[in-house]
Amino acid sequence: MTAGRTVQRVLFPSTGEQGDVLPLYLDAGSSHGVEVLSRESVRVQAGGGLSLASYFGALPIGVWASATPVRRFRLDLVVEGIADVRLIRTDSRAERTVVQTIAGATGEVALHVEIPEGQDLGWAWAEVDATEAVIVRDARWSAPAPETPATGAVCITTVNREHDCIQVLRRLADDAEVRARLSAIIVVDQGSRRLRDATGYAEAAAALDGLLVLIEQANLGGSGGFSRGMLEARERATHAILLDDDVRLETDSILRMLSLAEQSPAEIVVGGQMLSLTEPTLLHTMGERVDRGAFWWTPVDPALAPVDLATHPLATTPALHRVHEVDFNGWWMCAIPTGLIRRAGASLPLFLKWDDAEYGLRSADAGVRTVTLPGAALWHMPWTAKDDGLDWQAYFQLRGRLVTGLVHGARRRGSGMLLSSLAQDLNHVLCLQYGSTAVRSRALLDVLQGPAHLEHTLRAGPRRSQEILERFGQTVVTEAGARGRPGTGLPARPVGRAATVSRLAAVLLHQLRRPRLDAPVALTRAEGRWWMLGRLDAATVDSATGTGVFVARRDRGIAGRAVRRAIGLRVRLWLAWPSLSREYRAAAPRLASAAAWRARFEDADAAS
């Protein structure tokens with residue numbers, strides 16, 4: 001029925017998973033009298049209406065126009081009954097245009113939309129008004145067939161998340177159309193518990209009908225696991241599709257990403273976006289850039305960081321219709337051309353954190369653009385539900401940021417990065433999080449040693465940082481083992497500049513006083529900030545995961561040493577920046593090379 005090649009299917013959530021995600025698949029405000037029958041079909045009551053002006057239901061023609069020469073799309077659907085069908089197109093300001101209307105449509109229906117030259121566009125979608133009860137099914141967008149079809153090798157890295165990983169494999173197994181576009185599903189198992197022994201693994205592997213490639217290796221972090229997958233994918237597919245193991249996947253995203261990639265006249269990295277597992281209609285970002293001053297990632301649009309697609313629907317939210325240029329895409333889901341991997345290598349051996357951002361910048365240096373594709377997404381645990389600034393990941397967060405800045409030329413000796421990271425350390429001190437400052441100081445010391453330290457620390461993984469945190473007592477404990485007392489007369493969060501300055505002065509004065517041996521005050525995670533903790537001598541703070549609490553006690557001696565050390569190390573790094581930058585930049589191609597990674601894999605296998 002369709003002409004050319006399918007680039008996007010119009011799907012709906014399965015009946016068991018609709019919950020709060022339905023607004024992502026159809027415009028709940030404009031649709032009425034609609035019942036989802038299956039992933040491919042809905043029933044619209046007589047007098048009812050269906051609008052596909054939604055994140056997963058519409059086609060992002062603006063992004064397509066920016067990345068490919070495709071200027072004509074066709075939407076095919078089947079109407080069982082009689083209905084009026086419209087095709088809508090928007091511009092980058094969300095202004096809508098009706099491009100085609102078919103009154104009294106029935107049976108197989110085809111609609112066409114063309115992209116005018118020189119016009120900034122947003123999305124295209126269909127709307128259906130039912131004159132009698134109808135079933136709308138099998139809707140899909142197509143474009144002229146590409147000269148060279150793309151194939152994907154999905155690369156999953158997993159560490160002791162057997163159930164989550166098997167669920168992802170089952171989703172892929174259940175989608176025959178996506179499976180047909182894949183040449184392999186490569187799972188790199190780095191856990192202490194083997195995936196192959198888990199309940200349900202054998203059934204999932206059998207359902208994938210020979211696509212699954214299971215590799216077991218020592219834990220080399222996300223960078224080591226994804227690098228193994230990237231190198232394995234080079235000879236199997238045109239694109240390595242990096243995918244996290246602890247996600248809920250909309251499988252059509254893979255088809256959409258490959259479709260965009262294969263229509264581009266030049267190599268592009270195509271990234272998927274991230275929705276929240278805890279708030280399913282919350283889109284965390286439409287893409288990210290790297291601030292070359294502070295060398296920190298920033299959203300492309302503050303209005304979209306994040307945005308709730310249930311309360312800010314596609315049709316009425318102009319920021320969603322603009323095409324946003326990005327520097328990188330997170331590796332929760334990202335399609336990387338294997339030709340780029342052959343030329344530019346795999347990840348730097350960072351273990352985790354900043355490996356995806358660094359690769360995006362490296363891709364741009366190689367002339368390969370990154371495109372984040374709206375409507376290609378998965379659900380992932382949000383960063384707000386993690387303690388990566390308080391646990392062992394704090395080391396890798398700062399270390400990866402510094403290495404990326406050294407390799408890719410942070411401006412003015414990295415002054416912006418060093419000052420902003422110092423401010424973060426001072427914040428940790430005021431929050432009585434002395435373990436975090438110690439872990440971050442370890443990161444600064446390692447970076448000062450030069451690029452060779454990356455090899456020495458890769459196998460150690462989180463162990464060194466965990467030992468430091470344990471030494472400072474900054475670990476999650478059960479509430480029963482560290483029950484805090486209810487706080488009375490606690491200060492409210494300061495609002496406004498004057499109140500903030502006044503609170504900071506009060507906090508600094510309190511830090512100079514001798515701590516009292518008070519019982520810890522119980523604080524929520526939202527209360528565990530400098531403006532509250534800085535006025536206390538002992539507190540328990542809820543962990544982001546909800547599994548326990550952090551216990552914090554003020555110590556003037558430790559705080560003073562932490563501040564002096566943080567400042568001193570940054571002065572050393574600022575003075576050494578030019579020479580260190582040359583060293584890291586010169587070493588990066590070798591560190592990311594296939595030969596270097598093969599040697600690491602062999603060494604890790606021999607030692608395990």
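Predicted model: local features only at pLDDT ≥ 70, side-chain atom pairs only at ≥ 80, totals over all residues.

**A close look, with a few stops along the way**

Author: Happy to! Asp138 has a phi near 55°, a positive value in a residue other than glycine, and with a relative accessible area of 30% it is partly exposed.

Five of its five residues are buried, so E11 is largely enclosed by the rest of the structure. In a regular strand, side chains alternate between the two faces of the sheet. Here both faces are covered: one side has His239, Ile241 and Leu243, the other has Ala240 and Leu242, and all of these are buried.

What are the strands beside it? Strand E8, residues 152–158, runs parallel to E11, and five bridges join the two. Within this pairing, Ala153 has Ala240 of E11 as its bridge partner. Strand E18, residues 333–337, pairs with E11 in the antiparallel sense, also over five bridges. There, Leu243 is partnered by Met333 of E18. Ala240 and Leu243, then, are both buried, and each has a bridge partner: Ala153 for Ala240 and Met333 for Leu243.

For a contrast in setting, look at helix H16, residues 556–591, where Ile567 is found. Ile567 is partly exposed, with a relative accessible area of 40%. Together with Val571, Trp574 and Leu575, Ile567 makes a nonpolar surface patch of about 370 Å².

Terms used: Residues numbered from 1 in each chain as written. Heavy atoms only, no water. Buried < 20%, exposed > 50% of the residue type's maximum accessible area, 1.4 Å probe, protein only. Helix = DSSP H or I, 4+ residues; strand = E, 2+ residues; numbered from the N terminus. Pairing = 2+ DSSP bridges. Patch = residues over 30% accessible without salt bridge, like charges linked within 9 Å, V, L, I, M, F, W, Y side chains within 5 Å. Areas by Shrake-Rupley, 256 points an atom, 1.4 Å probe, with all protein chains shown as cover. Salt bridge = Lys/Arg side-chain N within 4 Å of Asp/Glu carboxyl O.
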